[in-house]
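Hi there,

I am passing a structure on to you, and I hope you enjoy looking through it. Please have a look at it first, and then read my notes below.

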Amino acid sequence: MMRSKLSLAARPGPTPPPPPPRPPPPSPPYRGCSRSSRGSPAASSSSRRAQRLKLVCRSLGHGWKLSDIDAGAVQEQVTSWLSKTQNFLRGAASPLVKSGQSRKPDSESVSDARDMGQIFEGERTVDRGMPGGVLSWEAVLAIEQFSRMNGLTGLKMQKIFKALVPESVYNDARNLVEYCCFRFLSRDGSHFHPCLKEPAFQKLIFITMLAWGNPYCGDADQDAVERASFQGKLVGEEAFTRIAPAVHGVADSSTTSFSRYMKDENCIRLENVQRSLWSRSYVLALAGKGLCLNGRIIWDGPGSVILTDKAIYFEAVGVTGRKDSARLDLTKPGACVEKAKVGPLGSLLFDSAISISCGPQSKTWVLEFVDLGGEMRRDVWHAFLCEVIALHKFIREYGPEESDQSIFHVYGAHKGKERAIMSAINSIARLQALQFMRRLLDNPLKLVQFSYLQNSPYGSVVCQALALNIWGGQLVTRYTEAGSPSDQESSPSDVISENTGHIYDIDGSIYLRKWMRSPSWVSSSSVTFWRNALIKQGLVLSKNLVVADASVVEKAATTCRKKGEMVEKTQATIDAAMLKGIPNNIDLFKEIIFPLTIAIRNFERLRRWEEPHVTISFLACAYTLVFRNLWSYVFPSALIILAAGMLTLKGLKEQGRLGRSFGSVTIRDQPPSNTIQKIMAVKDAMRDVENYLQNLNILLLKVRTIVLAGQPQITTEVALVLLSSATIMLLVPFKYIFSFLLFDLFTRELDFRKAMVRRFMSLLKERWDMVPAAPVVVLPHQNEVAGSPNGGMVIDKQVRSQGNLRGGNQL
């Protein structure tokens, strides 16, 4: 432990003789405030410093030497001073530090942690020998302390747990840690656990997370080693996800995977900050300074922004003082908030504002949050407002109506709205605490529950589980609906009762069918989840605390988390494939269609008889399929071959025989170029695109001429050809037509047909060049005439007709 004062230790040696006694020095004259004639202030201060130096010398004695000083103690004290100085300078410069930068624990915090480690020292009654191994030091501390908080010893709690659960559940030490912790937490049902204000309880929760993550150790005699390495241990994501949501106010089940602050003890200590921000007046965020702009982007001046659970207030500050506050309601269905850009004189220059509106007919606020360290301040307030709006949307969709009297049939349902509001308040308070600690993620929306669930996959099912948790409860009176039997006669053996359609929780709580107003209840994912949600494998202490199993909310949140990770991975691959630059995208396209290009080249080699034996074999197989009427089996056989190839590749990849880079597309980057070269490359690419579009337009215009009888003679010829083809297809079987087309395709390059094919293609090209393009009429641009009496638009009536666009002789 670090010493707080400088200690001097005398080295062993002969004791020096005591110095001869000296008469005491004369007392200094009195220098009070009223006696200013006895010297100058400078002389007075120098006299006081001399007196202090003499007193220090007398306290240390006149026989001490420099070699008698403990060098380790001096170094430790100097390190402490330097650490305090560094913390002071870091705190002074913290407004200029970018958000998200973490601070390293200093020596003083390590000393405090060591002091906290001594709190839990006491008698140990837990049997460390478990079927799975020897309990770790953290597991013993967590079990023993929670057992004593429950009024029992660790050994007694261990015996009770063994008697309650099956042997397979008891053999896992994690379940014992969960039972001791959850049994104490189940005694309190408040929105914010009152013990979180105690540093000892915060430390105990942190130790419990470590115990859950590593419940066993190698040897029972390694206590000293474990204690020494205790400060270097970190809480894993799985342990934090399991323990933190059980403590009311620490975290939500749906957002614990994004809590990167959980890697040290600050994940528990931040609740002190949260506790100071939380209040029963439902004021979510105070003293938020910003610039308020109205819907016309006119500057109204700086002021204070106050966010509550129902509205946002802005109080402008002028030269003469504060003005009347403006209010914007956030509970309406059309409320929305978006990020916006602002700037002087209506220019969109700075991306540091948010726009808020209550609907299409209401006015729009634009609030600018100035932050010299980045955009995190604006993003945090955007998350605050999104959470309040998402909260009321959740209450409208998943909660009962305000005038619904059925809430009094279910115990505690009338307090469901308050529970939802307090859940949102805790989320916002945690986010604000992280903002003060500067440990925020890139996207603060991932740390507020209702906003995150709105846009996440499987989020609707998590909202349904939250609705059951918030409004669900035991039936206190006999409740029946028109045309349905009594719920007292139905048993909660299924999550969704087949008779009533209500939903039951794992503890028997009921969520009435008439409250299911959201269309998400009839989705396939919702039905599948609720069919398997009530499979209990552990010990149920409450609807939120289940030992050796997960609650309904935890099951839905776990599924949502997994699907969210899959979506993020998929989006990461899409983002990686979004290349910049036209040449890179062209190269990528060529690389992707390379297998199709190879297939077309091989077919051309067959058609040109470059390998006669291969061409003859292909034609023999094709004609056999045609005349044996086996073409109906070709497409299914191709699908079977494709599926078999895909499964084969899957098996080889799982075995690791294809390598990690198999399936990836590799292209070469373009050579470095300057700005002029990039501009020329873009210009050439745009010219090529323009030529391609021109040729395509000419083709379509010629087809339009033929179809709409722009040239009657050509239209008649094309119509006769189409009628002749239709007659042949009706009279001649299709297999003979297909055989003739195949024969024509594979004999075009042979010597006896090459001249005839060339003459025929030349005739077709000549006839196509004679087809004119359809006329194109281009209207001039609409010009606004300011002096028009009607204030309307004047359009020039001149038109320009083009008979042939850029020469109609192009194919």
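To get your bearings, in which helix is the place of N175? N175 sits in helix α7. Please keep in mind that this is a predicted model.

Is N175 buried or exposed? N175 counts as buried because its relative accessibility is 9%, and the cut-off for buried is under 20%. If you set aside neighbours within four places in sequence, the contacts of N175 are F161, V169, V547 and A548.

The largest nonpolar core has 44 residues, and L135, F146, F161, F182, L185 and F201 have the most contacts inside it. At least two residues of this core come from each of α4 (137–149), α5 (154–164), α6 (167–170), α7 (173–185), α8 (199–213) and α10 (237–243). Helix α7 supplies nine residues, the largest share of this core. Another core lies apart from that one; it has 43 residues, including A424, V461, V462 and L534. As background, nonpolar side chains tend to be buried together in soluble globular proteins.

Not counting residues up to four places away in sequence, F182 touches R242, I243, A246, L541, L545, V546 and V547.

V462 counts as buried because its relative accessibility is 1%, with under 20% as the cut-off. Which residues does V462 contact, leaving aside neighbours within four places in sequence? They are S254, L453, A556, A557 and C560. With A556, the C-alpha to C-alpha distance is 5.1 Å, although V462 and A556 are 94 residues apart in sequence.

Finally, there is the largest pocket, which holds about 1200 Å³ of space. Its lining is made up of 41 residues, and G189, H248, R419, N469 and N544 lie nearest the centre of the pocket. Two or more lining residues come from each of α13 (416–437), α15 (459–471) and α17 (552–577). Helix α13 gives the most to this lining, with six residues. What kinds of residues line the largest pocket? The lining divides into 20 polar, 11 nonpolar and 10 charged residues.

Key
Residues are numbered from 1 along each chain as its sequence is written. This is a predicted model: local features need pLDDT of at least 70, side-chain atom pairs count only at pLDDT 80 or more; totals for chains, interfaces and linings use all residues. Side-chain values use heavy atoms; hydrogens and water are left out. On a 1 Å grid over the protein atoms alone, a cavity is a set of points where a 1.4 Å probe fits but cannot get out, and a pocket is an open set with protein on both sides within 12 Å along at least five of seven lines; lining residues have an atom within 4 Å of a point. Grid points are joined across faces, edges and corners, and a volume is the space filled by probe spheres set on the points. Helices (H or I, at least four residues) and strands (E, at least two) are DSSP runs, numbered from the N terminus. Ala, Val, Leu, Ile, Met, Phe, Trp, Tyr, Cys and Pro count as nonpolar, Asp, Glu, Lys and Arg as charged, and the others, Gly among them, as polar. A nonpolar core is a set of buried Ala, Val, Leu, Ile, Met, Phe, Trp, Tyr and Cys residues joined through side-chain atoms within 4.5 Å. Buried means under 20% relative accessible area, exposed over 50%, partly exposed in between (1.4 Å probe, protein chains only). Contact means heavy atoms within 4.5 Å.
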